[in-house]
Amino acid sequence: MSSLITPVEHGRTGGLPAWLAHLASSAANWPTAYRARLQERPRRTVLLSALVVLVFAYPLLNRAVLQPFSRNVFPLPAPDDTTVVFMLIFATMAIGLNIVIGFAGLLDLGYVAFYALGAYSAAYLASPHWSGVSILLFSDLPAGFPGIHLPFFIIFWAAALVAALFGALLGAPTLRLRGDYLAIVTLGFGEIVPVFFKNLVNVHFSFGPIQLVNANLTGGPLGINPIDAPELFGIKFGVIHGFNAVYLALAVVAMSIVIARNLERSRMGRAWMAIREDETAAEMMGVNTVRTKLLAFGLGASFAGFAGAMQASYQGATTSDFFMFATSILVVIMIILGGIGNIWGVILGAITVQYVDKTLLGWVGNRLKDTGVAIGSPQLGEINPSQFSFLLLGLALVLMMRFRPEGLLPSRQRAAELHAAPPDQALGSAAVMEIEEEVIEEAEPEDVDATTDPPPEPGAASGPPDTPGRPGGVT
Amino acid sequence: MSAMAGAPLAELRTGHVPDDQLLVRARGVTKRFGGLVAVNSVDFDIPRGAIVSLIGPNGAGKTTFFNMITGYYVPTRGDISFDGHPIVSMKGEKARSKKPHEVTALGIGRTFQNIRLFSTMSALDNVLVGQHVHLRSHWWDAVLRTPLLLAEEERATERAHALLEFLGLGARAHTWARNLPYGDQRRLEIARALATSPKLLLLDEPTAGMNASETREMTDLIRRLRAELGLTVLLIEHDMRVVMGISDRVTVLDYGEVLAEGSPAEVRANPRVIEAYLGRGAAEEG
Amino acid sequence: MDEQLLQTIVIGLSNGLIYALVALGYTLVYGIIELINFAHGDVFMLGSMLALTLLITFGVTTGTDPLTAIALIVLVLAITMAVTATLNVTIERVAYRPLRHAPRLAPLISAIGMSFVLQNVGLLWKGPANIGFPDVIPNTNILTTVLGLDTSVAITYKHLFAAVVTIPLLIVLTWFVAKTKQGKAMRATAQDPDTAGLMGIDVNRTIAITFVIAGALAGAAGLVQVLYNNTTVWNLGFRFGLNAFTSAVLGGIGNLQGAVLGGIVLGLINAFSDRYLSTQWTNAIVFGVLIGILVFRPTGLLGQQLADRA
């Protein structure tokens, strides 16, 4: 019976060969596993499979069917390739930010900083920007061509690494702050980083052997261009080859989904959820909250790194104008509208918001113009719906918070948290839990012993440490 | 390990047990909040294998003391060691304490006075979180689904089920914590604490809100925890039946100081204890 | 003392007063419902746009005769304050009150949404570019023309105007909160809304009044902005809001005197950064200050010290 107490053992697992063998056997097993799934949950499996097929066939469908269809038959506009690529880029970011906000419950309002870091990292490593050197790797540019030109596969991961490091770095000061203060600090970083990218145009710096005189570190407001287009196995995926690029972006999103799901259903995923629910209890149960939160920030940011690398390489250029504070909020909106905590939900949110913002609004404007001309009031055409995008997004946020704060397709858990049962309906313990919410301003002995909670942390004006997403009660 | 139970009383009192038989050794522990002294220079021993109770009126400093043992509060002064490892030690004029998760890793598990389960996680997941500190898979194991992760998750899940069974929650493994009845929630908290592989279990008012038969069940459970799992238990309790029923030793705190310590019977008859709880008049009535 | 330094201080103090007015709005609202009202800076922005529109409508411009100008300015001030107060309390009613018992995340997000909405309104109303307004209040240097000092430091009627509008408002507000019954109700609700309710205070009404006051102050600040800085733009609220919020936090969120002190300090920081560094970096510096305070001294300069946690 004492084995109940002993921790599980960590047997020898065989390292790399074992892993490869395992992968091979899973792959070989796939048809059987799929058939089993089909038997257990037929409807869901079929739906998801159909979805996957549709998604991968989309670019073809778009060209062959949807665009002519939308022009001639069904009036909703089909998005063009660049819009689709950006839908997928934002979907990648939404998946990443979902780890920070949705899993770990840390309200990060400055996510755009990591997007920028990813994009500029990619730009540094795949453009003529550093004209003083010439480093070429697997590139078909002539020898001696200025700048650093590494292949996409490398800069993709390098960008993610840089973003991840900064994610942990910028997350570190927020560790002891509670919800709204954490949000503001991250917001601050989200503002400051793009300012650096915009202004580091004229840098004088000398430290030992490192001398920078009049160095243009970031290309300023004009940014960095041209940036090498992504190329894998001889196929190019830049904006000129939009069709290919959609597939690359799809692959990135697919990879992101796998990574995020694997994280969710692991020791780390559970630790994040525990911290979100009740950070103190998690700490007491042995979760190293500092490390766990830093990992959330870092891993979450790495997805923005992927996205940034995609943006820079696909478009062949990047500037600080792409990385405004509003973009951070945009990704937050995507998560909130789509479904907080749920990977599929946030993808839906990203695609929908991008679609509305980039395609639908413009299309509505055109329809208004046509209608205006048709009914004899051309002023109708003066209304430019694209100018209303902030308003619509803002309104959507306000309404969502009021009526469906968990989003369209939330995870069951977040939905449950946001609609916590009122105290007198929940079973017994809830009433006991309510007591802990009392404001503890100074430590009186009665207060201290009446609850398990010590006086508030720094950064808390009152009350126990709080993380966003927690219901009004405590657990 | 349970040699202590039933041993002559004198050997269980603080300061009377040889160090190698102590699981917790606290000396001179003081906690000040601003101008207020919540715990005042308390010495406290917990012998291995003992069930020790900490009682006292509200505001006496019991939970504060708990919080210091687990590393949640840093004492103002004092030394606390656990199983030979220092948890709190003085560095000059300041006390340094291990962090709570480090203390948990050393082997102290706890439950809370007001239940603090992870409410929208299943019972199974709650227990799995308890195992967090001793599991070895990292985030890259998760991302790559390495054999280490898969094997570990399987074993951990098995163990979690076993723990739930032990506490009678086997059928409810996939129920969300907040949907469990109150008694089950209390037991789930214990299961989660056991998952941290503790040597010492701190139970903060485990029978609060329970009726007589539930209390008896809980008392039996606590005995089983020591007998079958070899745990040492420190209890905060207000229910005197529980305290008298299972404690090997009782310590009474009042205004942050140790008022009395001894066997349950001794403490119950101690006039100063009676006075602290019920007022001077009651003590004089005998 | 270096004249450029002095001038920078003058500019800093004057702008600081405007920040203080807006900061009071943030601190009042945060004090009472623990919400960072993201939309507050945008209420200020709309107030400034309204003031500008009204001034133009009433024909107040550079050559206007001083008495008429003053009378009309007072009128515009009154109207603007009334409108922004109404706007603010409506926002509270619509976007925040329904979320009073939701997790803290919800009203914060709602506030961000509201901020977006208001910014877009400003954008649609006056377009994307900066809008200028002529110098109605003379930009003449009082020190040289009236006091006959020989200096290049300029304290103009505009600076005086900024002080003349803001300082009385600050005094009135402080008196109101400290001495009146309503002010006491506000302080009680800020401390503990449930108990305040049990004591017979109409918590909803008290909160609404707080928003009315905050809105009015933002409107006044908007007018000063137009007449002192001669400009407004749709995203003014963001920059100002940042500065005002930082002021509130610097002084100690929930603390009125702190908001004023913070506003002045922020005004000086802005002025010094603009002058001695570059306007491009000022925003980043202000954010840096904000982050620094929140991380190292979240209770602010005048806030209370909290007990130490493990």
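**Chatting about strand E9(B)**

Me: Hey, which residues of E9(B) point one way, and which the other way?
Reply: B:Thr232, B:Leu234 and B:Ile236 point one way, while B:Val233 and B:Leu235 point the other way, and all are buried. Buried means that 20 or more other C-beta atoms, placed from the backbone, lie within 10 Å of the residue's own. Strands are DSSP runs of E with at least two residues, numbered from the N terminus.

Me: And what is this model, and how are things labelled?
Reply: This is a predicted model, where local features need pLDDT of at least 70, side-chain atom pairs count only at pLDDT 80 or more, and totals for chains, interfaces and linings use all residues. Residues are numbered from 1 along each chain as its sequence is written, and chains are lettered from A and ligands numbered from 1 in the order in which they are written.

Me: Why is E9(B) largely enclosed?
Reply: 5 of the 5 residues of E9(B), 232–236, are buried, so the rest of the structure largely encloses this strand.

Me: How many bridges join E8(B) to E9(B)?
Reply: There are 5, and E8(B) (residues 200–204) runs parallel to E9(B). B:Leu201 has B:Val233 as its bridge partner. E3(B), residues 51–55, also pairs with E9(B) in the parallel sense, over 4 bridges, with B:Val52 opposite B:Leu234. Pairing needs at least two DSSP bridges between the strands.

Me: Switching to chain A: what order do the strands of the open sheet take?
Reply: The order is E1-E3-E2, with mixed pairing across the 3 strands. E1 (126–127) and E2 (134–136) are the edges, each with a single partner strand, so one side of each has no neighbour in the sheet.

Me: Which residue is the partner of A:Ser134?
Reply: A:Gly147, in E3(A). E2(A) and E3(A) (residues 147–149) pair in the parallel sense over 3 bridges.

Definitions and conventions:
Buried ≥ 20, exposed ≤ 12 C-beta atoms within 10 Å, placed from the backbone.
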